[in-house]
Amino acid sequence: MELRGKVALVTGAARGIGRAIALKLAAEGVHIAAADLSSGDPSIPYELSGERELNETIALVEKHGVQGVAIAADVTRNADVERTIRETEEKLGRLDILVNNAGVVAAIPVAMMPEELWDRLMAVNVKGVFLCCKAAIPALTRQGEGRIINISSIAGKTGRAGVAAYCASKFAVIGFTQALAEELGPLNITVNAICPGFLRTHMWDKVLDAAVAMRLNVEEAKAYESFVAANTYLKRDQPPEDIGDTTVFLCRSDNITGIALNVAGGAEVH
């Protein structure tokens, strides 16, 4: 796929991995619709992004000389998702690439997991991917080719204690990706997943640092570096820009579909 002049919708684009993906695509000449919540989510035990950060992403996108559109949306609500696809086509003229990046995490043992929190993780991480894909398929089909990239995790390949709900949701994303790749292959739409490893994002800082520190019996300030060094072949973490580069690669690739590609420094090799 020639990327210049194409249009991508990136969910969860206000910061972190989503922002990095949007900026890497913009650098290739792709116009960007960036979707995210307009405010936080009281059901999630850490601060989520909001309108200010989403607008910052658009300002950075437009520095690459492409168009950017900010769309406030909750991917768990079908009406929001359908409006997001409609606004993308109305304001940017088309849709060629969908990146399902919106996601949340919780680090709580199963015995202590509130049912409502489990439901919210599944709603954002799994239902959100389903709703966005379903709504985007007609728009992608109209272009005669398309790309869907779902952000899973290495936690979607190997389950880990303390993050069972997150792991279950990311396993589901990989299975969904494989099935949808077969469904959409005849329409010339590729569907792939990216499985990030260890990234120093807001999600890690606010949720996983404390859990890892307790598991490793180290100071919280040293937890991230200790964990990365102990669990990656390359002894280093993966910045969000790595996920952006991988997204660009998969968007360009005409004959890669149905895969779940690790970007994890050797932390996961299956």
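A residue counts as buried when its relative accessible area is under 20%, as exposed when that area is over 50%, and as partly exposed in between, with a 1.4 Å probe and protein chains only. Welcome to this predicted model, in which local features need pLDDT of at least 70, side-chain atom pairs count only at pLDDT 80 or more, and totals for chains, interfaces and linings use all residues. Residues are numbered from 1 along each chain as its sequence is written, and side-chain values use heavy atoms, with hydrogens and water left out.

**The sheet**

Let us start with the strands. Helices (DSSP runs of H or I, at least four residues) and strands (runs of E, at least two) are numbered from the N terminus. Seen in order, β3-β2-β1-β4-β5-β6-β7 form an open sheet of 7 strands with parallel pairing; two strands pair if DSSP finds at least two bridges between them. At the edges are β3 (68-72) and β7 (260-263), each pairing on one side only. On average, neighbouring strands of the sheet are turned by 20 degrees against each other, direction ignored.

| Strand | Partner | Bridges |
|---|---|---|
| β1 (residues 7-11) | β2 (residues 31-36) | 5 bridges |
| β5 (residues 146-151) | β6 | 6 bridges |

Within these pairs, V7 stands opposite H31 in β2, and I148 stands opposite V191 in β6.

How many residues of strand β6 are buried? In β6 (residues 189-196), 8 of the 8 residues are buried, so this strand is largely enclosed by the rest of the structure. I189, V191, A193 and C195 point one way, while T190, N192, I194 and P196 point the other way.

**The helices**

Angles run from 0 to 180 degrees between N-to-C directions, and axes are lines fitted to C-alpha atoms, for helices over the stretch in contact. Contact means heavy atoms within 4.5 Å. Helix α2 (residues 51-62) lies across β2 and β3, at about 165 degrees to β3. Helix α3 lies across β1, β2 and β3, and runs at about 160 degrees to β3.

Helix α3 (residues 78-92) also packs with helix α4 (residues 115-142), at an angle of about 25 degrees and with their axes 8 Å apart. The two helices are therefore roughly parallel to each other, a term for angles under 35 degrees. From α3, the contact is made by N78, V81, E82, I85 and E89, and from α4 by L131, C132, A135, A136, A139 and R142.

Methods: Angles under 35 degrees count as roughly parallel, over 145 as roughly antiparallel, 65 to 115 as roughly perpendicular and the rest as oblique.
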